[in-house]
Amino acid sequence: MSDPIQRAIASSADQWLQTHPAVLKLVQMLVWGSNHPVWSFVIFIVVVAIALNLIKLIGQLIEVASRSLLLAPFKIIFSLFKTIFKSLGKVSNLLSKKSVTANSTETLTLPAATTSQSLEQDKQQRLREINSRLEAIRQEQNELLQEVASIIAPDKQDELITE
């Protein structure tokens with residue numbers, strides 16, 4: 001009675017192994033390993049070393065990913081502050097330039113061209129504006145010198161009269 005049961009189990013297991021060739025290869029390797037225990041021990045050690053290195057690599061990957069996720073908000077906030085301070089610096093420079101130009105007689109414009117020809121034209125225009133501003137300053141300086149001379153001249157005449 002046990003002989004037909006054994007044949008039935010063996011035939012069903014054989015059919016199952018034939019339909020699943022990967023498992024059949026694994027079983028064949030186990031049979032070979034049981035016949036060659038030294039080689040199977042060496043293979044086992046190599047497989048364990050590879051598995052441990054894979055586990056270590058996965059651990060490092062998880063550590064780097066978690067560190068990046070934890071530092072990301074701080075990096076975003078830092079870059080946000082950096083851009084805010086840069087823009088505030090540009091605004092303060094712009095406001096200080098506007099206050100300087102508001103105190104002068106003429107307002108100066110910065111060139112906004114992007115091509116080389118228009119940049120050259122803007123440079124020429126800028127030079128003309130600077131030259132006209134220097135002329136205005138020179139005239140104002142001459143007027144102030146004349147005023148100083150007129151203030152000082154009566155004092156010298158008074159000195160000449162008293163001597």
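What percentage of the residues of the protein chain count as buried? Of its 163 residues, 4% do, where buried means under 20% relative accessible area, exposed over 50% and partly exposed in between, with a 1.4 Å probe and protein chains only. This is a predicted model, in which local features need pLDDT of at least 70 and side-chain atom pairs count only at pLDDT 80 or more, while totals for chains, interfaces and linings use all residues. Residues are numbered from 1 along each chain as its sequence is written, and side-chain values use heavy atoms, leaving out hydrogens and water.

The secondary structure comprises 4 helices and 0 strands (DSSP runs of H or I with at least four residues, and of E with at least two, numbered from the N terminus). The accessible surface of the chain is about 14,600 Å², with 68% belonging to carbon and sulfur atoms (Shrake-Rupley method, 1.4 Å probe; for residues, only the protein chains shown count as cover).

Helices H1 (residues 2-19) and H2 (residues 21-35) pack at about 110 degrees, their axes 5 Å apart; axes are lines fitted to C-alpha atoms, for helices over the stretch in contact, and angles run from 0 to 180 degrees between N-to-C directions. H1 and H2 are therefore roughly perpendicular (65 to 115 degrees). At their meeting point, Trp16, Leu17, Gln18 and Thr19 of H1 contact Pro21, Val23, Leu24 and Val27 of H2 (heavy atoms within 4.5 Å).

Terms used: Angles under 35 degrees count as roughly parallel, over 145 as roughly antiparallel, 65 to 115 as roughly perpendicular and the rest as oblique.
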